[in-house]
Amino acid sequence: MTDTSSSNSESRIPVARRTVLVAGGATAAALAVGGAASAGALDGGISQDNTAPAAAAVCTLTREMTEGPYYLDGQYVRADISEGKPGVPLKLTLTVVDDDTCAPLRGALVELWHADALGEYSGFVGANGHSEPDNGTFLRGGVLTNSSGVATITSIYPGWYIGRCIHIHVKVHTGVTVTSDGHYTGGREIHTGQLFFNETVTTRVATVSPYSTNRVTRTTLSRDSIYDGGGAASGLLTLSALGSTPSAGYAGTLTLGVETS
């Protein structure tokens, strides 16, 4: 099950629920951690003003993006979804706020799922032409936001598959119940979207093993059929290097504004 640029299962969908991404770039990082973003942050390859205060946030409406064909519900509630999969470390800080008031949304489940370094999704391994163990859970899961609306999740930098640029799928749910076995049930889905990555950073990561062994032609951000070029307002993460080499990993930040009613 793959999606191509000519016949893509993840084609754009009309606006169903209006959502906002609030204060992308360095301001989003400021909202997420209560201070300025780290120096050298990248958002679409543009350096950001690291002193922008959270109070200066401007709410910008954006439409939701398609769920795609690889979603599996009822995944684990956990802060680390990597399950030991090889790849470049990725530390995500996502802040969820109410689009009407910009107030942090506490106790919302921020759920992520994405491909591994070889472009394979758990539960669908083989769709990108690689053979590997498939437990149906790797690189899937989410966490509840804290009192500041912040969800911090550890994963790896995603790989790529036929017809799509590198991306992460995201859902936001409210009112879920965490079960005794660490999964979730119930609640209401209030946002479905995708997170995207700076092409300069992706080019660096693509040289690192095991990404470098993925022989599938990579679709760039500018040629992707889903990403619409809107920067942070379209889900483009602000990325900061965690070390001096790509192998050291990256931190990614973004603030998501959602409709709660």
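# Rings, a buried threonine and an open sheet

Lys85 lies over the face of Phe138, at 4.1 Å from the ring centre; a charge counts as sitting over a ring if NZ of Lys or CZ of Arg is within 6 Å of the ring centre and within 35 degrees of the ring normal. The charged end of Lys171 is placed in a like manner over the ring of Tyr71, at 4.8 Å from its centre.

The model described here is predicted, so local features need pLDDT of at least 70 and side-chain atom pairs count only at pLDDT 80 or more, while totals for chains, interfaces and linings use all residues. Residues are numbered from 1 along each chain as its sequence is written, and side-chain values use heavy atoms, with hydrogens and water left out.

The protein has two helices and 14 strands, both taken as DSSP runs numbered from the N terminus, with at least four residues (H or I) for a helix and at least two (E) for a strand. Of its 261 residues, 54% are buried, where buried means under 20% relative accessible area, exposed over 50% and partly exposed in between, for a 1.4 Å probe and protein chains only. Among the contacts (heavy atoms within 4.5 Å) with a separation of 6 or more, 77% are between residues 24 or more positions apart.

## Aromatic rings

A search of the whole structure finds eight aromatic pairs, meaning rings of Phe, Tyr and Trp (its six-membered ring) whose centres lie within 6.5 Å, with planes under 30 degrees apart counted as stacked, over 60 as edge-to-face and the rest as tilted. One of these pairs, Tyr70 with Tyr121, is stacked, at 4.3 Å centre to centre and with 20 degrees between the planes. Because Tyr70 lies in the loop between strand E4 (59-63) and strand E5 (89-98), and Tyr121 in the loop between strand E6 (109-113) and strand E7 (140-144), the pair ties together parts that are 51 residues apart in sequence. Both Tyr70 and Tyr121 are buried, and together with Phe124 and Tyr161 they form one aromatic cluster.

## The open sheet

Four strands make an open sheet in the order E7-E6-E9-E12, with antiparallel pairing. E7 and strand E12 (188-196) stand at the edges and have a single partner strand each, so one side of each is left without a neighbour in the sheet. The table gives the bridges for each pair; two strands pair if DSSP finds at least two bridges between them.

| Strands | Direction | Bridges |
|---|---|---|
| E6 and E7 | antiparallel | five bridges |
| E6 and E9 | antiparallel | five bridges |
| E9 and E12 | antiparallel | eight bridges |

His169 in turn has Gln194 in E12 as a bridge partner.

In strand E9 (residues 167-174), eight of the eight residues are buried.

Thr145 is found in the loop between E7 and strand E8 (150-156), and it is buried, with a relative accessible area of 6%. Leaving aside neighbours within four places in sequence, Thr145 is in contact with Val96, Leu105, Arg106, Gly107, Ala108, Val110, Val150 and Ala151. From this group, Arg106 is 39 residues away from Thr145 in sequence, and the two are 5.4 Å apart in space, C-alpha to C-alpha.
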